[in-house]
Amino acid sequence: MSTIVRLQPPQGPPVWVVRQEGAPDRVLPPLAELLALPLEEARAVVAAAREAEPGSVAAHVGTAGDQLLAPVDRQEVWAAGVTYRRSRDGRAEESVGAASLYDLVYEADRPEVFFKATAERVVPAGEPVGIRADSGWDVPEAEVGLVLTSRGEVFGYVPGDDVSSRSIEGENPLYLPQAKVYTRSCALGPGIVPAWEVPAPDALAVSLRIERSGRAVYEESTSTAAMRRTFAELADWLLRALEFPHGVVLLTGTGLVPPADLTLAAGDVVTVAVEGVGELVNPVVVVGR
């Protein structure tokens, strides 16, 4: 399996590389350049890089001094909601007065799609994700991220965590932006697995684990086979009236909802794992005031 990652060497600008176990890292063009291409052309660029001799830049990446960055450069991150039945039920639990609203979204042709983060606000694997200081009920949301070309083709997959304040959203559905969009509320990584190396994306196992003081307080799994909507459908709706010349990442919703008596706390460790794609691990901190 190949993984496309973004690294910050000890000196110089960030570097995109494709890495494969047992082989040296090979340098790639920036993700924005790859996602501006038709999918088959982008695939050819990745294939050529894998077959090339390691370049001068690749020779000094992959060392202990490199910092792993979030696997985005000029892409926005968007998200889809209520794509699993359990997510619909969870939304209804947090906001009883709006339960029928979430039923309508779950059954409707048009999905819920919302903005999540700019590239600069995305947290990489290993860095802390945040929970709002003014929220009393916060959860991680384990999701499969679609890395889409400017044409809406699926270039790759990445584990994602759409951290959310259930208390703020539950107070009023119109508070969704504040519940979803804030400092350190989005994590992606460690890297992108090319779509052509994921044989069955419609049946990927997705798991979520929350550890507190070294002990698991929540651990469950689901499958993308349980989704109400397909990846292609969600991508189509996102690009109907939006242009993303540098590509975009679309989080596809969660089917894993911790119980109402569990909220994230500072010091917790969240693990999102997507079968055949990777494992995203982040500690938790409080942000804001």
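The structure is a predicted model.

- An open sheet is formed by 4 strands, in the order E3-E2-E1-E4, with antiparallel pairing.
- Strand E3 (26-28) and strand E4 (67-69) are at the edges with a single partner strand each, so one side of each has no neighbour in the sheet.
- On average, and with direction ignored, neighbouring strands of this sheet are turned by 50 degrees against each other.
- Strand E1 (residues 2-8) pairs with strand E2 (residues 15-20) through 6 bridges, in the antiparallel sense.
- Within this pairing, Ile4 has Val18 of E2 as its bridge partner, and Val5 stands opposite Val17 in E2.
- E1 and E2 make up a hairpin with 6 residues between them, and in its turn Gly12 has a positive phi of about 90 degrees.
- E2 and E3 run antiparallel and are joined by 3 bridges; here Val18 has Arg26 in E3 as its bridge partner.
- The hairpin of E2 and E3 has 5 residues between the strands, and Gly22 in this hairpin takes a positive phi near 85 degrees.

- Helix H2 (residues 39-51) lies across E1, E2 and E3, and runs at about 155 degrees to E3.
- The 13 residues of H2 should span 18 Å at 1.5 Å a residue, and this agrees with the 19 Å between its end C-alpha atoms.
- Leu39, Ala42, Val46 and Ala49 are the buried residues of H2.
- Viewed down the axis of H2, these buried residues fall within an arc of 90 degrees, so they line one face of the helix.
- Glu40 and Glu51, on the other side of H2, are exposed.
- The buried residues of H2 pack against E1, E2 and E3, and also against helix H1 (31-35) and strand E10 (154-162).

**The sheet E7-E18-E17-E14-E15**

- A further open sheet consists of 5 strands in the order E7-E18-E17-E14-E15, and its pairing is mixed.
- At its edges stand strand E7 (129-132) and strand E15 (215-223); each has a single partner strand, so one side of each is left without a neighbour in the sheet.
- Strand E14 (residues 205-212) and E17 run antiparallel and are joined by 6 bridges; Ser207 stands opposite Ala273 in E17.

**Helix H7**

- In helix H7 (residues 231-238), the buried residues are Phe231, Leu234, Ala235, Trp237 and Leu238.
- These residues cover an arc of only 165 degrees around the axis, which puts them on the same side of H7.
- The elements that cover the buried residues of H7 include strand E5 (76-81), strand E6 (112-117), strand E9 (142-148), E10 and strand E16 (248-251).

**Nonpolar cores**

- The largest nonpolar core has 43 residues, of which Leu148, Tyr157, Leu208, Leu238, Leu250, Leu264 and Val277 touch the most other members.
- Another core, of 28 residues, lies apart from it and has Trp16, Leu28, Ala119 and Ile192 among its residues.
- With neighbours within four places in sequence left aside, Leu264 is in contact with Ile131, Asp138, Val139, Pro140, Val163, Ile210, Arg212, Val270 and Val284.

- Ala79 is found in strand E5 and is buried, with a relative accessible area of 0%.
- Ala79 and Phe114 are 35 residues apart in sequence, with their C-alpha atoms 5.4 Å apart in space.
- Not counting residues up to four places away in sequence, Ala79 touches Glu112, Val113, Phe114, Lys116, Asp162, Leu250 and Leu251.
- Asp261 is placed in the loop between E16 and strand E17 (269-274).
- Asp261 and Trp137 are 124 residues apart along the chain, and 8.6 Å separates their C-alpha atoms.

Conventions:
Residues are numbered from 1 along each chain as its sequence is written. This is a predicted model: local features need pLDDT of at least 70, side-chain atom pairs count only at pLDDT 80 or more; totals for chains, interfaces and linings use all residues. Side-chain values use heavy atoms; hydrogens and water are left out. Two strands pair if DSSP finds at least two bridges between them. Helices (H or I, at least four residues) and strands (E, at least two) are DSSP runs, numbered from the N terminus. Axes are lines fitted to C-alpha atoms, for helices over the stretch in contact, and angles run from 0 to 180 degrees between N-to-C directions. Contact means heavy atoms within 4.5 Å. The expected span of a helix is 1.5 Å times one less than its number of residues. Buried means under 20% relative accessible area, exposed over 50%, partly exposed in between (1.4 Å probe, protein chains only). The arc is that of the directions from the helix axis to the C-beta atoms. A nonpolar core is a set of buried Ala, Val, Leu, Ile, Met, Phe, Trp, Tyr and Cys residues joined through side-chain atoms within 4.5 Å.
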